[in-house]
Amino acid sequence: MNTRVLPLYATLLICIIAYAACVFQFPAMFSTRVAGNLLTDNAFLGIAAVGMTFVILSGGIDLSVGSVIAFTGVLLAVLITRYGVHPLIAFAIALLITTVFGAGMGAIIHYLEVPAFIVTLAGMFLARGLCFVMTTDSIPIDHEFYAMLQGLFYRLPGGGRLTFIGLLMMVVFIIGIVMAHFSKFGSYVYAVGGNRTSAELMGVPVARTTIGIYAMSGFLSGLAGIVFSLYTSAGYSLAAVGVELDTIAAVVIGGTLLTGGVGYVAGTFIGVIIQGIIQTYIVFDGTLSSWWTKIVVGVLLFSFIALQRILVFLSLKRTTATSGG
Amino acid sequence: MSRLNTAALTKAMPQLLSLMLILFLNYLAFPGFFEIRLQDGRLFGSLIDVLNRGAPVIILAIGMTAVIASRGVDLSVGAVMAISGALAATMTVSGYPVPIVILAALGAGLLCGLWNGILVAYFDLQPIVATLILMVAGRGIAQLITEGSIVTFNEPGLIFFGTGSFAGIPMPILIAALLLTLAIAVVRRTALGLLIESIGINRSASSYAGLNSKLLLLVIYAFCGVCAALAGIIIAADIRGADANNAGLWLELDAILAVVVGGTSLFGGRFSILMSALGAVIIQAMNTGILLSGFPPEYNLILKALVIIVILLAQSFSSLGGWAFLKGEFRSKGANRQ
Amino acid sequence: MTDKPGLLTVEGICKSFIGFKALDGVDFTVRSGEIHALLGENGAGKSTLIKVLTGVHQPDSGVIKIDGQAVNVRDTQHAQNLGIGTVYQEVNLLPNMSVADNLFIGRQPMRFGFVNRKLMEERARELLAQYDLHLDVASDLSRYSVAVQQLVAIARAVDMSGRVLVLDEPTASLDRHETEILFAILRQLRARGLGIVFITHFLDQVYEICDRVTILRNGKLAGCALTAELPKIELVSLMLGRTLAIATHNTRRDRPVPAIRQFSFKGLGRSRSIAPFDLDIGEGEVIGMAGLLGSGRTETAKILFGIETADTGHVHIDGNPALIRTPQAAVACGFGLCPEDRKSDGIIGDLSVRENISLALQAQRGWFNRLSGREQTVLADKFVKALDIRTTDIEKPVKFLSGGNQQKVILARWLATNPRFLILDEPTRGIDVGAHAEIIALINRLCDDGMALLVISSEIEEIVAYSTRVVVLRDRAHRGELSGDEITASNILGMIAAEPEGASA
């Protein structure tokens, strides 16, 4: 009945059908090994997408995600490899910087009343530029603590591995879901995205919420950067180019309205998994190239935006029918 | 539009001064900066280089100016460049004659622009959302055309557009200058300039005045698509190949930046194509300056970020009576904040 | 009722915006346990008064007192704390969130740092039960009708503030049944001792539920009385600014009625907007259109001009069928429209006076047949002189002109296209007295020159003065037509104030 959940159901259905179709063609894809890899390979994307979900729910957008991931990776590599800082301390420094960075963008967006896309665009340039200032080389990270974290996994029945970073992504998603639906902050995010003016009149602290949202996106991009650095064991300034688009796509395919106010963090998880399934299928197929991912994601993006547009149109029609011009 | 009178010159002063400052800094970093010499019938020199390398962004900025003036934005131009470059390269390798190749590549850009325009004008999607679709899918389409590889070609007719010269002037500069002249002439000789500004400032009132704003929006996005395709051809011709992954990467952002540096507001309305082109030259002069002073080219990004921040700050403080006020009026906050 | 003390009192409130005085020394008192109607046409100052009461605007001068204590309402939050809760007409709640969220956002019950949804939903159910409203409080607010959303907003406002409740057009989009439910709740709240400010344009509802009426007109207090002691016809005349004692002469009654009516609209209508109507207009006549706000005046204009498409009916021009589904088509038929909302639908604020005047003609001539700068200047100069548009310079952005001059610029924009049929929607609203008289003189002049005009106005004397015929609207339908000697202010007022025929939804 509720049309708001419809995109979420559509996503879930697409995800199941896609996976079933893959399994039908390549039965080997039905294994915990593939499932485990799906989580591991997309861990950084998923973590960043949680932050992006909050940003888009509030009616904004964050284009700096990919650059912040690369920045974090390079920063960690420089701190650990060049300066011998313990990874845990390096993690803390990186998260602090990215959170402050996000909060700064949020403050500019709110107080200067500038469109989020142009502010986060500047953020994207800045973060990517800072990578290059630190180094233009790919710096490997070779530290026993990294090796320890990378070696952590839970063996699933059937031989699959639930790695530390895969698990971390799941935890972030769970925390994200709880925050979205069971915290005051979460309700404020939906309120700001639903109607900023109403939210303000109803006493929602819009300034604090906006800054908080971008700070959170910065923090999660930083965390995604840490995960990415664990995943690749290196820091490289040209890493994670275009990841912001992948995360936005995951959020929209997950059923979140790009205009804000409606959506589910859980949907984003499915959006990430759908992208992962497409990539896995391409790997299994062997003849298809990876660029099919972009086209399929583009088509899905269009379908979901069109679906949302139709739903909005229908509900508008219903409202005018009752209110009568 | 901006007649070349003193008023227009005063308005352009910040941009002109910045350009002069950047050029001067370049001169300090590289004393031979202003030297221009004629070699093998073609002009060479750092200054020529700035214009030559800046040409694709100038062309993009011309189309982007119209889009931004209509209160929109086109995020897909980089991807459209990749598509047109890929098509041009692939068709050349398949042996099609150069004129057909050029027309096909431009046609692809037109189609992309029409797609964006239909979504924005007739489906009422926000421009940033509508063009995001092609931004994501476009590179995939480009790779579909090149089948994932970097297609290189040796057709002198096509390469001429990237590295050739006419009357001593490198082709990219010539093409950009021609398009610039053409665009300015169209804006001045037809009513399009007035009508675009009108729908950018107040689309509802423009419709009440009997303006077909939907069709106009469609044409604007289509034009932007064609500009992107043209820039894509030049870049492909320059590197003698099409790299679907990297051709035009981030150039949509450079184009938007050029328009903003040129003084057109992101909230639509008054625009000047010439100033946007100047903005593109400023950006390229910065790029070249960084190269000349021996820094890695990527340092630019920080500089660009700072430029955006400075412009945003300047705009929001100078136009308190402008859009910031208009937006505040709908929210009670403007009055609440004391 | 009169002996009750004032719960909320404002004295001598003034508030000016750039160029005009929205409130000019207004007094207003709400007593505990009364429903107080606040009436006035658009631009009378109702919404400005409400915004001053709720802290959105700060008054330039005057005092606000609660329980006799002068207060300075800092912002909406502060107003809520002082006990003034407001339910706005459009900007309402958050339809994308649940009913319970809407009732408790910002003050949700917490447990272990998390929102205690169970407790919140329980409280929401209890709260709504007071209003005999039993909803699934966990589902989205948008699932419920506008009426229910309105009640939820009231429940929230009363729960948070609880002394004065301001309702801005709460019944605008409710049907009869829903309105009755709302009224039952308002009576219940009145019995609890709340002071309720009720803004509406439905006069029947004023008599049905309100104890007292305050009428604003042009930013000034036009009257305040007990509803029971104020006949409806007097109320309407207070709103429309006419004292019945003064007779206004129709200056046009001697004008020959055109033999042919070139513009014929038959059965034009749009469901839920305006009931099908017939209208014939000939060149050289002015049709006045009278009716209160929300009676379907603007809707008529929009359908005639193709901004909204008609569901039914057809149009004939000079006896030939015409299809008008877009403003472009209307302009091609020689129509022009000066819209009611000048700012959002009329002027292109950042463009110059010259460009604003040239716009419609340019749109008509097409993209490639440009009016040269010189032609634009000649055109603009001509109209600046002809209409006496006061501007220092035709290159000045039109947003810096006063309201009256902006109106003249829009008029000039259409006159430049040499229209055959011009629709003016509230051409004299919000402009000063001098410009007002000039625009009326212009209407007469255009009519003499053989143009067909349709003028919508809230000013009855004005309509009487220039109309050859008058169409009266009520409840989204054309209710009658007056011509010749029938055109008098009292006849018009009588038709506006007439009891609705049958049930109107």
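Me: Which residue just after α9(C) takes a positive phi?

Reply: Gly306(C) does, with a phi of about 80 degrees. This is a predicted model, in which local features need pLDDT of at least 70, side-chain atom pairs count only at pLDDT 80 or more, and totals for chains, interfaces and linings use all residues. Residues are numbered from 1 along each chain as its sequence is written, while chains are lettered from A and ligands numbered from 1 in the order in which they are written.

Me: Is helix α9 of chain C mostly covered or exposed?

Reply: A residue is buried if 20 or more other C-beta atoms, placed from the backbone, lie within 10 Å of its own. Helices are DSSP runs of H or I with at least four residues, and strands are runs of E with at least two, numbered from the N terminus. Helix α9 of chain C, residues 297-304, is mostly covered, with eight of its eight residues buried. Among them are the charged-name entries Arg297(C), Glu299(C) and Lys302(C).

Me: How do α8(A) and α11(A) pack?

Reply: Two packed helices are described by the angle between their axes and the distance between the axes. Here, axes are lines fitted to C-alpha atoms over the stretch in contact, and angles run from 0 to 180 degrees between N-to-C directions. For α8 (residues 164-182) and α11 (residues 206-232) of chain A, the angle is about 165 degrees and the axes are 10 Å apart. The two helices are therefore roughly antiparallel, a term for angles over 145 degrees.

Me: Which residues of α8(A) and α11(A) meet?

Reply: Two residues are in contact if their C-beta atoms, placed from the backbone, lie within 7 Å. Ile165(A), Leu168(A) and Val172(A) of α8(A) meet Leu220(A), Val227(A), Leu230(A) and Tyr231(A) of α11(A). By class, this contact has seven nonpolar, no polar and no charged residues; Ala, Val, Leu, Ile, Met, Phe, Trp, Tyr, Cys and Pro count as nonpolar, Asp, Glu, Lys and Arg as charged, and the others, Gly among them, as polar.

Me: How many residues of chain C are in contact with chain B?

Reply: There are 28 residues of chain C in contact with 24 residues of chain B. On the chain C side, α10 (327-332), α11 (342-346) and α12 (353-365) each supply at least two residues. The largest share, six residues, comes from α12(C). That side divides into 14 nonpolar, eight polar and six charged residues.

Me: What share of chain B is buried?

Reply: Buried residues make up 57% of the 338 residues in chain B, a chain that has 16 helices and six strands.

Note on methods. A residue is buried if 20 or more other C-beta atoms lie within 10 Å of its own, exposed if 12 or fewer, and partly exposed in between; C-beta atoms are placed from the backbone. Angles under 35 degrees count as roughly parallel, over 145 as roughly antiparallel, 65 to 115 as roughly perpendicular and the rest as oblique.
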